[in-house]
Amino acid sequence: MQTRTLVESLSEVRARIAAAAERGGRGADDVDLVVVTKGHPESTVEAVLQAGVRDVGENRLGELVKKSESFQGLDIRWHMVGRLQRRKAPGARGIVHLLHSLDSMKLAERLERTASTGDVALRVLAQVNVTGEEAKGGFSPAELEEGMERLLQLETLRVEGLMTMAPLTHDEGLLREAFRSLRILNDNLRARFEEYEGTQLSMGMSNDFEIAVEEGSTIVRIGTAVLGERPE
Ligand SMILES: *Cc1c(COP(=O)(O)O)cnc(C)c1O
């Protein structure tokens, strides 16, 4: 970190989350902050922990596993926010606190098939590509509505909510629209599937988290705004 300390930027981000939650008629406690440490060294993870953060996110399973081994025994909740390759899927169990990026039925089936008896259910969020961008992963809203019944049958997964990544834009209207679509989709799924909890909406990153929180986010995933630019 260059000019500001981690503690300062963390408290600034928390204050911005709290203000946005209030504007949306909620409280600061309704939104969890996951600090995304991808690309940062273990010394940064250590500093983040020192600053009192318990929810840490990574976008590659290999890096997550390596870091989790270095900080074994500490009270950390590891969030997997990036694409999980199917062949690596079994490695997430027992380490990942919440998988934000369940992006296909195939991945879900793979996770179910490779579970061992006695495994506790893996907590997951279904990632939704609400804007239909080509390059972006995730279920389309229609695919998710179609697949939800099956997802809820899988005994070794627990679908707690939805996640989305908004388009890369500073257009506030487009961002708001994307987050709102995710919330409405979640409401529809809750109305339709009694077994679906749908208590979590993981949306909001450094450049859009305030809008996401105003629109109902319960988990924001923030790297740069807290840690500065990622090292090369
Ligand atoms: C990197 C990443 C983030 C954090 O991004 P920042 O812009 O640094 O806040 C959040 N979510 C996902 C899925 C990511 O890959």
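**Entry 1: the whole chain**

I began with overall size: a compact globule of 232 residues would have a radius of gyration near 17 Å, and the protein chain agrees, with 17 Å. The radius is taken over C-alpha atoms, and the globule rule is 2.2 Å times the number of residues to the power 0.38.

I noted that this is a predicted model, where local features need pLDDT of at least 70 and side-chain atom pairs count only at pLDDT 80 or more, while totals for chains, interfaces and linings use all residues. Residues are numbered from 1 along each chain as its sequence is written, and side-chain values use heavy atoms, leaving out hydrogens and water.

Along its principal axes, the C-alpha trace spans about 50 × 40 × 30 Å. I found 8 helices and 8 strands in the protein chain; these are DSSP runs numbered from the N terminus (helices H or I, at least four residues; strands E, at least two). Of the 232 residues, 47% count as buried. Buried means under 20% relative accessible area, exposed over 50% and partly exposed in between (1.4 Å probe, protein chains only).

I also looked at contacts, meaning heavy atoms within 4.5 Å. Among contacts with a separation of 6 or more, 59% are between residues 24 or more positions apart.

**Entry 2: helix α4**

Which residues of α4 are buried? I found Leu-107, Ala-108 and Leu-111. They sit on the same side of α4 because they cover an arc of only 100° around the axis; the arc is that of the directions from the helix axis to the C-beta atoms. On the other side of α4, I saw that Lys-106 and Arg-113 are exposed. The buried residues of α4 pack against β4 (96-102), β5 (122-127), α5 and β6 (157-163).

**Entry 3: α4 beside α5**

I then turned to the pair of helices. At what angle do α4 and α5 pack? Helix α4 (residues 105-113) and helix α5 (residues 141-153) pack at about 5°, and their axes are 11 Å apart. That makes α4 roughly parallel to α5. Angles under 35 degrees count as roughly parallel, over 145 as roughly antiparallel, 65 to 115 as roughly perpendicular and the rest as oblique. The axes are lines fitted to C-alpha atoms, for helices over the stretch in contact, and angles run from 0 to 180 degrees between N-to-C directions.

From α4, I listed Met-105, Ala-108 and Glu-109, which meet Gly-147, Arg-150 and Leu-151 of α5. The residues of this contact divide into 3 nonpolar, 1 polar and 2 charged.

**Entry 4: two loop residues**

Val-31 lies in the loop between α1 (6-23) and β1 (32-36). At 9% relative accessibility, Val-31 counts as buried. Leaving aside neighbours within four places in sequence, I found Val-31 in contact with residues including Ile-17, Ala-21, Val-213 and Ile-219. Val-31 and Ile-219 are 188 residues apart along the chain, yet their C-alpha atoms are separated by 5.4 Å.

Next I looked up Thr-37, in the loop between β1 and α2 (42-50). Thr-37 counts as buried, at 0% relative accessibility. Leaving aside neighbours within four places in sequence, its contacts include Val-45, Val-56, Glu-63 and Leu-227.

**Entry 5: Ala-212**

My last stop was Ala-212, in helix α7 (residues 209-214). Is Ala-212 buried or exposed? Ala-212 is buried, with a relative accessible area of 0%. Not counting residues up to four places away in sequence, Ala-212 touches Phe-179, Met-203, Gly-204 and Ser-217. I also checked Ala-212 against Val-56, 156 residues apart along the chain: their C-alpha atoms are separated by 19 Å.

Key
Ala, Val, Leu, Ile, Met, Phe, Trp, Tyr, Cys and Pro count as nonpolar, Asp, Glu, Lys and Arg as charged, and the others, Gly among them, as polar.
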